[in-house]
Amino acid sequence: VIERITNVLNEPHQLDTLELQITSSIGASVYPEDGLDSEALLKHADTAMYKAKDEGRNSYQLYSSEMNTISMERLMTENYLRSALKKNEFELYYQLQVNSITEEVVGIEALLRWNHPDLGPVSPAHFIPMAEEIGLIVEIDKWVLTQACKQRKIWQQQHFDCGRIAINISSQHFKHNLIDSINFALKESGLSPVLLEIEVTENCFIENIKHASATLQKIRQLGIKISIDDFGTGFSSLSYLTQLPFDTLKIDASFISKLPGDLKQCQIVKSIIAMAKGLDLTLVGEGVETTAQAHFLTVNGCDVIQGYLYSTPENAKGVTERLAKQQLLPTE
């Protein structure tokens, strides 16, 4: 039955001159194993449907009792997340970025962490998509912007020359008053725009490139640098690099993890570096964990190294101590 429904929905639908393709996420429950009345069966089918969505959508799931546990855990985490900002449970960690040749600090990326008193540390990969789904991500983004700018101002006042502070922006915030949020963070912190870098992913511009271009141009006009993060991991088009005003391209850790032993990965990374250099973009290699990876990136023209080799993410106190001592030798 599910396959028949899916086949029908997958057929192209014509809307004026547009041809639309519909996908589906389907959950199913079976009487009497999964429930003895319609209310229980619908509830369990709904739980299975959300499991199908979590598994990547355009699929189906049959209900199992284990899903109830997962569903309750998700609901509990969601409720905790709604109050996390008010209860001051979020904290920013920072990872240093170093010049690939001189090994001097040239930038710092702000990373959001959530340590709940009962749940313990919650992975950003888990709670950030949830925050986007329930409409909290814009408020969280605003908090991150302001706190990160304030911390970078403190380091400036302490005379640490540590480059720009890079902050990730969600695609939802990109569509809702991002410029106002940036201006507020800069005013509240007193930080110069030239010490701020905004990181975006393709999700920010893939739906409406005209709006994205206009927003990025306004950010650029403030004197803020813009980097594209996770390039090549989704459906990034090379045309975006020429249409949008990027300053930096970050090579995702998934491309770097197998360097230098994997010849195909080597060729891909070399091509990314050559292309970015031709477009006059600064290159940052993410997730660098070994000296061999760092060496490969350096000799092939990557400008900046970021990863556990030089710096694990630390809280502001830890980073301050490292900046004071300049202990940035590889930790491999």
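This is a predicted model: local features need pLDDT of at least 70, side-chain atom pairs count only at pLDDT 80 or more; totals for chains, interfaces and linings use all residues.
Together with Leu15 and Leu18, Leu20 makes a nonpolar surface patch of about 280 Å².

## Aromatic pairs

The structure holds 6 aromatic pairs. In one of them, the ring centres of phenylalanine 90 and phenylalanine 127 are 5.8 Å apart and the planes meet at 35°, so the pair is tilted. Phenylalanine 90 belongs to strand β5 (residues 90-99) and phenylalanine 127 to helix α4 (residues 124-133); the pair therefore ties together parts that are 37 residues apart in sequence. Phenylalanine 90 counts as buried because its relative accessibility is 5%, and phenylalanine 127 is buried with a relative accessible area of 0%.

Phenylalanine 90 also forms a tilted aromatic pair with tryptophan 143, at 6.2 Å centre to centre and 50° between the planes. Since phenylalanine 90 lies in strand β5 and tryptophan 143 in helix α5, this pair ties together parts that are 53 residues apart in sequence. Tryptophan 143 is buried, as is phenylalanine 90.

## Helix α5

Helix α5 spans residues 137-157, a run of 21 residues. From its first C-alpha to its last, helix α5 reaches 30 Å, close to the 30 Å expected at 1.5 Å a residue. Histidine 159 follows α5 and has a positive phi, near 65°.

Note on methods
Residues are numbered from 1 along each chain as its sequence is written. Side-chain values use heavy atoms; hydrogens and water are left out. Patches are made of residues with over 30% relative accessible area and no salt bridge: like charges are joined within 9 Å, nonpolar side chains (Val, Leu, Ile, Met, Phe, Trp, Tyr) within 5 Å. Accessible areas come from the Shrake-Rupley method with a 1.4 Å probe; for residues, only the protein chains shown count as cover. A salt bridge is a side-chain nitrogen of Lys or Arg within 4 Å of a carboxyl oxygen of Asp or Glu. Helices (H or I, at least four residues) and strands (E, at least two) are DSSP runs, numbered from the N terminus. The expected span of a helix is 1.5 Å times one less than its number of residues. Rings of Phe, Tyr and Trp (its six-membered ring) pair if their centres lie within 6.5 Å; planes under 30 degrees apart count as stacked, over 60 as edge-to-face and the rest as tilted. Buried means under 20% relative accessible area, exposed over 50%, partly exposed in between (1.4 Å probe, protein chains only).
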